[in-house]
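Have the sequence and the 3D view ready.

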Amino acid sequence: MAREGAVRESCVEAGLVMALLPLLNSKDQDLLLHTGRAIGRICFDNTAQQDQLVQSGVIPRLVSIMQAYPENDPLVNVCLLALCNLAEMEAARDALAEVEIAEALTAQLQRAPDAERRHLILEILGSLGESDVLKLQFVESGVPEALLEMIRNLQGGSDPHDLCSIKIASNLIVSLLLGDESMQKCFGEGTGSVYQDVLSWLQSPNTQLQLSGALAIANFARNDSNCVKMLELGVVPHILDLLEQHVDEGDVSVQHAGLSALRNLAIPTTNKVRMLEDGVMDRIRALLRSDMPPVQFKLLGTLRMMADGQEEAAAVLGKDEALLARVMEWCEARDHAGVRGEANRLLAALIRHSRALEVIHSVIKADGVRHLITMATSEHVIMQNEALVALAIASAIDIDAVQQPFKEADLLPTLQKMLEDPVGAVEVKFSTLGLVCSLANSSIMKEEMETLNIKETLTKLSSHTSTKLASQADTVLAVLNESS
């Protein structure tokens, strides 16, 4: 009767749910089956009734029924359906954290008779796995190992239901690695079975497993000690092989995930040096031909991370004409602000971290100066500062080489506007003053400063409420007055 919506409402109003609930304590399996079905149907799509069920202690009862009669498939199915409907509720998750739900679900996953049962269990695990407490409980109870075993058994086939199970299970493992404690337990210093299996996914012919493998590696690479250990264990060549496999007409998501993993691995300084020595740069540069904006965005971020604080790496990249030509194209990517921003940031980083004359000359030759000047007027303070510092370094190292491109790109009028901007950030104005001071070493730039009456702009700044900025303005004024 409770299949019909109108009847369900009548059942609720009559208080049938609370009357049926005590029957779940029965030892009669048929009675349990029919009671479970009746309660499930009456409470279908009724949040208030579901909440009342949870408050009345239905969760531990459902789990104990599954544990008591694990081979009664119709009864287990009723319990699983009920848990699936309740798993989204916070109170239900709290209740499930107090019972041995992981063991019960793992046991059922291992004996699941068909894809439908597998998917039901995986859906429950996915909902519950959003809780950090349950993530850790799942890992400690062997859920990842059970999922990995299921994936191993299903691999190699072409049945769409099996492929769907592989996708759900591999995604679930990736999500379990989002918890710091659960991730560390799965890593096991690089010897854990979960880490080992995930690593093998990078070489799988199944694109979904390749994607999940790359995402999992990126999740493992969330702290320096893991990153160093993974590099020692040789993870990088596997990621590069995967990226090269997908660079032409490949899967964008796999490339994006692979580059995220590489970028995370390049964060520790020791890894940057090691990756450079291992020729990673050369292999990453092969990916420059990608036409996919999400891949370009991640690639630029990875290269910037490789150059961060690494003089040699920044110099190698900064003198690479093919790389710079591609970066110039991306600096003008009108349809993708993220790619444009990352391209500009990489350009600035190459100068900031290399501080090399050859790199500055290469950037000038590639027509990169105008992009750095545009970047200096960005709406993002961090980008403005990076551009201003790069321009100041370039002018300090070779003012003669940069003064003409600076003049052609109207650098000084741009800087004056930034200094006079009433809502401009103090730190940006501070960096701008540093650049103006550096430009004062050029007679051509000095003449233009006189024409623009920069001194008047500086005089106004010398009474700024920020004492640091006012002091810097006075210093620049003194430098201009000395050399005039």
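Angles under 35 degrees count as roughly parallel, over 145 as roughly antiparallel, 65 to 115 as roughly perpendicular and the rest as oblique. In this predicted model, the axes of helix α18 (residues 252-265) and helix α21 (residues 293-307) cross at roughly 10 degrees and come within 9 Å. Therefore α18 and α21 are roughly parallel to each other. Their contact (heavy atoms within 4.5 Å) includes V252 and Q255 of α18 and P294 and V295 of α21.

Now for the pockets. A pocket is an open set of points on a 1 Å grid where a 1.4 Å probe fits, with protein on both sides within 12 Å along at least five of seven lines; lining residues have an atom within 4 Å of a point.

| Pocket | Volume |
|---|---|
| Largest pocket | About 400 Å³ |
| Second largest pocket | About 350 Å³ |

The largest pocket has 20 lining residues, with G36, G40, R41, L81 and N85 nearest its centre. Helix α6 gives the largest share of this lining, 7 residues. For the second largest pocket, α24 (337-354) and α26 (369-375) each supply at least two lining residues.

A note on the model: it is predicted, local features need pLDDT of at least 70, side-chain atom pairs count only at pLDDT 80 or more, and totals for chains, interfaces and linings use all residues. Residues are numbered from 1 along each chain as its sequence is written, and side-chain values use heavy atoms, leaving out hydrogens and water.

Technical notes
Points joined across faces, edges and corners; volume = space filled by probe spheres on them. Helix = DSSP H or I, 4+ residues; strand = E, 2+ residues; numbered from the N terminus. Axes fitted to C-alpha atoms, helices over the stretch in contact; angles between N-to-C directions.
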